[in-house]
Amino acid sequence: MTNLYARIADAIKNPAQLFLETTAGQRITYGDLDGLTARYANALVGLGVAPGDRVAVQVEKSPEALILYLAAVRAGAVFLPLNTAYTLSELEYFIGDAEPSLIVGRPETGAALAELVARTGSKAAVATLGQKADGSLAEAASEAPSTFATVARGDNDLAAILYTSGTTGRSKGAMLTHNNLASNALTLVDVWRFTSSDVLLHALPIYHTHGLFVATNTILFSGASMIFLSKFDADEIMRLMPRATSLMGVPTFYVRLIQHPGLTREATAHMRLFVSGSAPLLAETHRAFAERTGKPILERYGMTETNMNTSNPYDGDRVAGTVGFPLPGVSLRVADPETAAPIPEGEIGVIEVKGPNVFAGYWRNPEKTKAEFRDDGFFITGDLGKIDERGYVHIVGRGKDLVISGGFNVYPKEVETEIDGIPGVMESAVIGVPHADFGEGVTAVVVLEKGATLDEATVVARLSKTLAKFKQPKKVIFVDDLPRNAMGKVQKNVLRETYKGLYGGS
Ligand code: AMP
């Protein structure tokens, strides 16, 4: 049986072992999972969910929301989590595209959701699940039987659809199979050495691949425990570190921890592993964290469509500014974006991957799926990068963020790294803005450290020593903060929109 849930259940060695606890004192053991997921699976079936049906879920983070994920998979349904920030009118698109047979929303928005469903002619049932195990689904589950025969699924059947964050155009549903998720989790358990002695601080959202699959499935397959937090809070993380062994975070978590006066070697002595991903970790953050704690952050690279692709080594050099080596079973190559020809070592091209981790395509979008796979099965990630002489993979940014100025390619990361090296600069984002003469004008958006004063001329003068003229920003804009999404990614599309008229264009 290859149902992901069945594989997780098979891996349970000690039913008394704690799976998760919350700071409010809620505890779920591995032994509890069978009955809890059975109740929710029965409730789903009672609401009309059949194998292969999509179960769309937009609820706050809670242990029950995780149980719902496992129950949907156990019932052979396709779990479809949605970002809690989506508005009701944004949900309309997902409901129309995914055609779920059930939508689970928050108790507060249940009525509005039901209205939307009625208005759009969707056939979906509507149920609710609140953060305090309240709502109609929780009620139905509490009354449902505690046994359930896990629905048999094949390796290539869908376990989940996750919509990509969609910074260009409509977001697309990435179809993830039972084997995509199981194989990637088992690989991560192995390479990151997770065992039942581990305790993970879980502070990520669970509507995204990082918190839902990378963090949760790795814990489930290793029989480890987690302290399940509703959100990231640096004080809370510092307080809990003496009881934990590991943290998985986005770069912003680490930036915040470095700002915390309590971050010391002693405070992190019990922690064996800090993992970062979902957005680039500045080399400077990596170094500062290692200086304070003696522990180098392990940076890895993945995406919704592919699960995890590369990781810095557990043993061996965790090189700042790189995402390490391809994971076992994952083939990774760098190709010319136009011709798909392989690119010599050290040169920048588009990263392509193939392996059991790579998704089955975009939901009901065969054209897009075809366009993003090469004929030999490699998925074109859209990330630009290179492989250095030691085999470490470097990401230089998304292809769509590449700036082409006067016909020359400008890789934003190269310019950002130089700007970030100027004393007084906290961080920067380099974007291309329409420009009548150059096509795009290189534009730097810069955040200064508190109290620092710098002006455009000083920044440009500094850069002229290290960067060719065509890479130097034509304008430098100072802002208080860069726009970021929930995973800490800088939203360059928002910046491009804000500054699109900067050079007189529109
Ligand atoms: P998502 O599908 O939301 O997980 O976003 C995936 C994208 O995040 C990738 O295609 C990369 O552009 C970016 N990303 C993920 N991890 C890293 C990393 N360690 N360094 C740089 N970019 C990353």
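Helices (H or I, at least four residues) and strands (E, at least two) are DSSP runs, numbered from the N terminus. The model is a predicted one, in which local features need pLDDT of at least 70 and side-chain atom pairs count only at pLDDT 80 or more, while totals for chains, interfaces and linings use all residues. Residues are numbered from 1 along each chain as its sequence is written, and side-chain values use heavy atoms, with hydrogens and water left out.

**Exercise 1.** Determine where Arg119 is found and whether Arg119 counts as buried or exposed.

Solution. Arg119 belongs to helix α5, which covers residues 110-120. Its relative accessibility is 60%, so Arg119 counts as exposed (buried means under 20% relative accessible area, exposed over 50%, partly exposed in between, with a 1.4 Å probe and protein chains only).

**Exercise 2.** Describe the place of Gln58 and the polar contacts of its side chain.

Solution. Begin with the loop between β3 (54-57) and α3 (63-74), where Gln58 is placed. At 6% relative accessibility, Gln58 counts as buried. Next, apply the polar contact criterion, a pair of N or O atoms within 3.5 Å, where within protein one must be able to donate a hydrogen and the other to accept it, and residues adjacent in sequence count only if both atoms are side-chain atoms. The side chain of Gln58 lies 3.0 Å from the backbone oxygen of Asn83 and 2.9 Å from the backbone oxygen of Tyr86.

**Exercise 3.** State the sense in which β18 and β19 pair.

Solution. Strands β18 (residues 379-387) and β19 (residues 393-398) pair in the antiparallel sense over five bridges, where pairing requires that DSSP finds at least two bridges between two strands. Asp383 stands opposite Arg398 in β19.
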